[in-house]
Amino acid sequence: MVSRVRVWLNRTYAENVFFMDQLRRNPSDRAVEIHATHGDADSPVLAAADTAELEPEGLSPAGYVEFALDQCQRRGIDVFVPRLHQSAVVAHRAEFEAVGTALLAPPPEAVAVFEDKVIAYEAVQAIGAPVPPWWRVRSADELVAAVEELEADGHTPCFKPASGAGGVGFRMITRSPFSTVHLSGFPSPYVPLDLVVGALRESEDPVDWLVMPRLEQPEVSVDCLTGPDNRVRLAVGRTKNGRRRGFTLHEQWLEPARRIAEGFGLHHLSNIQFRMYGDRPVLMDVNTRPAGGLHQLSQCGINAPWAAVQLALGEDPGEITPPFLGQDYTVVSGPRPLRPVTLPLQRGQEPETLLPAVPAPAAGPAGPVPADTGTRAITRA
């Protein structure tokens, strides 16, 4: 009898409830139990897990590694998918292996390259992958110089933190003065240059920004699964153009993604994002973790989370090619159950085990009722 696989996701995105669903509905029909931890008691991943705990706040990276090792040993974790403190965790891979846990994450050298976007762009450019022009900015004068050069070439300047994820801190620069126009409708990503310059001159806090031209759609996120031999097993592009989403296997996106994944050893799951600079795709960002939208590859007949777990366990799934490309779709939100309300964890208390709040999907006449995928197909006219 094949033993069950126990997988842990730490402080991950809410959308990864679908990642968890796919692990349970794996094509190998293998029993999977999922452990989840999070700092937010109302995270839906806690309710979706078989066992769950609140994470202690305020741990240093080293303290978090100790917490993680204890979780793995105490919970019998076979595969750990680290998001929070990923770089600290992967630096201790041997210690996790010693307690019987495989890390579904790249080696520390690969993670380090992509923690800083400027270092990442320099490294990617050095292996011949396309990148946009960029400037590293730490002062108001440097910002103005970069903006003027971009505007002279007809581009809209934008900036974002040199390190960060998820589009946090992304802004586009405008010369329009601040007015009531900026106060109507929804908040805009556009910020007047004079206000940004003034804020930089008055602030005592340093900034470390990447300034670059605004890149155009389509945006293509290439989900890659790469083995420890640096060979890509899976590469599929997910396209985004406004509300419309789709899939692509065009080499203009896949070839540079493979070059990056293999060249830097982005083992296991990574997500490499491109946009258009003029008439050519260029790198926008690299995530050394599973993308929140990875589950959407199920529309192409692929269970990428399970293939990644197999690879982490040393069971090579081989080269994976989608049997078909799903039709265009859009993403809609929907309800997801939460666990019962409890008092927040108090400082000094041990994390309390949270009982599962949601039963497994009921079986219908045709088998288990499938979980909501969070996507809705768009039928072409």
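Are Tyr-64 and Phe-67 buried or exposed? Both are buried, where buried means under 20% relative accessible area, exposed over 50% and partly exposed in between (1.4 Å probe, protein chains only). The model is predicted: local features need pLDDT of at least 70, side-chain atom pairs count only at pLDDT 80 or more, and totals for chains, interfaces and linings use all residues. Residues are numbered from 1 along each chain as its sequence is written, and side-chain values use heavy atoms, with hydrogens and water left out.

**Figure 1. The protein chain as a whole.**
The secondary structure comes to 11 helices and 20 strands. Helices (H or I, at least four residues) and strands (E, at least two) are DSSP runs, numbered from the N terminus. Of the 381 residues, 48% count as buried. The accessible surface comes to about 18600 Å², and 53% of it belongs to carbon and sulfur atoms. Areas come from the Shrake-Rupley method with a 1.4 Å probe; for residues, only the protein chains shown count as cover. A contact means heavy atoms within 4.5 Å. Among contacts between residues at least 6 apart in sequence, 65% join residues at least 24 apart.

**Figure 2. Aromatic pairs.**
Rings of Phe, Tyr and Trp (its six-membered ring) pair if their centres lie within 6.5 Å; planes under 30 degrees apart count as stacked, over 60 as edge-to-face and the rest as tilted. The count by this rule is nine aromatic pairs. The rings of Tyr-64 and Phe-67 have centres 5.4 Å apart and planes at 55°, so this pair is tilted. Tyr-64 and Phe-67 sit three residues apart in helix 3, separated by about one helical turn. One aromatic cluster is formed by Trp-8, Tyr-64, Phe-67, Phe-80 and Phe-96.

The rings of Phe-247 and Tyr-329 have centres 5.3 Å apart and planes at 25°, so this pair is stacked. Phe-247 lies in strand 13 (residues 244–248) and Tyr-329 in strand 16, so the pair ties together parts 82 residues apart in sequence. Phe-247 is buried at 10% relative accessibility. Tyr-329 is buried at 2%.

**Figure 3. Salt bridges.**
A salt bridge is a side-chain nitrogen of Lys or Arg within 4 Å of a carboxyl oxygen of Asp or Glu. Side chains of opposite charge can pair when their charged atoms come close. The count by this rule is 26 salt bridges. One joins the side chains of Arg-4 and Asp-78 (3.7 Å, N to O). Arg-4 lies in the segment before strand 1 (5–10) and Asp-78 in the loop between helix 3 (61–75) and strand 4 (79–81), so the pair ties together parts 74 residues apart in sequence. Arg-4 is partly exposed at 33% relative accessibility, and Asp-78 is partly exposed at 22%.

Another salt bridge joins Glu-33 and Arg-6 (3.4 Å, N to O). Glu-33 is in strand 2 (residues 32–38) and Arg-6 in strand 1, 27 residues apart. Glu-33 is partly exposed, with a relative accessible area of 32%. Arg-6 is buried at 4%.

A salt bridge also joins Arg-336 and Asp-21 (3.3 Å, N to O). Arg-336 is in the loop between strand 16 (329–331) and strand 17 (353–354), and Asp-21 is in helix 1 (residues 17–24), 315 residues apart. Salt bridges that share partners join Arg-4, Arg-6, Glu-33 and Asp-78 into one network.

Asn-271 lies in strand 14 (residues 268–277). Asn-271 is buried, with a relative accessible area of 1%. A polar contact is a pair of N or O atoms within 3.5 Å; within protein, one must be able to donate a hydrogen and the other to accept it, and residues adjacent in sequence count only if both atoms are side-chain atoms. The side chain of Asn-271 makes one with the side chain of Asp-223 (2.9 Å). Another, of 3.0 Å, joins the side chains of Asn-271 and Gln-273. Leaving out residues up to four places away in sequence, Asn-271 touches residues including Ser-221, Arg-238, Asp-285 and Arg-289.

**Figure 4. Helix 7.**
In helix 7 (residues 117–126), the buried residues include Val-118, Tyr-121 and Val-124. The helix's buried residues pack against elements including helix 6 (108–113), strand 10 (209–213) and helix 10 (251–263). Asp-116 caps the N-terminal end, with a side-chain oxygen 2.9 Å from the backbone nitrogen of Val-118. Just after the helix, Gly-128 takes a positive phi of about 90°.
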